[in-house]
Amino acid sequence: MNTRLYQQKTNFTRNHTDRSNRIADDGFRCAHCHSYVYTNQIISGVVNRNHCPYCLWSRHLDLFQPGDRLAACMAIMQPIGLTFKKIHKKYGSQFGEMMLIHQCRDCGKLSINRIAADDDAQRMLEIYESSLSLQPAARQRIVESGVHLLEASDLDSVRAQLFGRRTSIVE
Ligand SMILES: [Zn+2]
Ligand SMILES: [Zn+2]
């Protein structure tokens, strides 16, 4: 009889502990570098975080639009290059903020994502540099999807967006 009471008690304690120890829905563990990434806007200061700020890899979660979480794929998405967001104006288009290009390692889907304030700028530069030597087939795929992959001639703009304006060199 005492045993029964004891079991009830321990069950209660266990359930109670489980509930209070439950981790709040405030982040995810990066599927690539395994860092813990906070998505809570108050902690991270970032709205709709969709990639890891350390290694910049993402996951294929969205189907139609950013944040819908409707994709069944769930595979990891590799940051493969940088682009400038196209802004359509009445008279032609111009380029705005810099964006990351991700490609799904499983299904090959490309997606363009906003850069967050705490993304690793040095890592971003490395992605840009490696994108300059992408295989022609991979490059062709990006072009065909309508994304303007940044070229070697964009280095100054990339640096300016990542590290602020360079001080001009007086000759
Ligand atoms: Zn990561
Ligand atoms: Zn995918």
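Start by selecting L56, which sits in the loop between α2 (41-44) and β3 (58-59); helices here are DSSP runs of H or I with at least four residues, strands are runs of E with at least two, and both are numbered from the N terminus. This is a predicted model, where local features need pLDDT of at least 70, side-chain atom pairs count only at pLDDT 80 or more, and totals for chains, interfaces and linings use all residues. Residues are numbered from 1 along each chain as its sequence is written, while chains are lettered from A and ligands numbered from 1 in the order in which they are written.

Check the backbone at L56: its phi is positive, about 70 degrees, although L56 is not a glycine. For background, most residues other than glycine have a negative phi. L56 is buried, with 24 other C-beta atoms within 10 Å. (Buried means 20 or more other C-beta atoms within 10 Å of a residue's own, exposed means 12 or fewer, and partly exposed is in between, with C-beta atoms placed from the backbone.)

Next, go to R69, in the loop between β3 and β4. R69 isn't a glycine either, and its phi is positive at about 55 degrees. Is R69 buried or exposed? R69 counts as exposed, with 8 C-beta neighbours inside 10 Å.

Now zoom out and colour by secondary structure. The protein chain has 5 helices and 6 strands, and reading along the sequence gives α-β-β-α-β-β-β-β-α-α-α. Of its 171 residues, 15% count as buried.

Select helix α3 (residues 121-131) together with helix α5 (residues 155-163): their axes come within 10 Å and cross at roughly 165 degrees. (The axes are lines fitted to C-alpha atoms, for helices over the stretch in contact, and angles run from 0 to 180 degrees between N-to-C directions.) The two helices are therefore roughly antiparallel to each other; that label is for angles over 145 degrees, with under 35 being roughly parallel, 65 to 115 roughly perpendicular and the rest oblique.

Which residues make the contact between α3 and α5? Show A121, M124, L125 and Y128 on α3, and V158, L162 and F163 on α5. (Contact means that two C-beta atoms, placed from the backbone, lie within 7 Å.) By class, this contact has 7 nonpolar, no polar and no charged residues. (Ala, Val, Leu, Ile, Met, Phe, Trp, Tyr, Cys and Pro count as nonpolar, Asp, Glu, Lys and Arg as charged, and the others, Gly among them, as polar.)

Stay on α3 and pick out M124, Y128 and S131, which are buried. Look down the axis of α3: its buried residues fall within an arc of 65 degrees, so they line one face of the helix. (That arc is taken from the directions from the helix axis to the C-beta atoms.) What covers these buried residues includes β4 (76-88) and α5.

Hop over to V158, in helix α5. V158 is partly exposed, with 18 other C-beta atoms within 10 Å. Leaving out residues up to four places away in sequence, V158 touches L82, M98, L125, Y128 and L150. Draw a C-alpha to C-alpha distance from V158 to Y128: the two are 8.4 Å apart in space and 30 residues apart in sequence.

Last stop: helix α4 (residues 136-144). Of its 9 residues, the number buried is 0, so α4 lies largely in the open. G146 follows α4, with a positive phi near 85 degrees.
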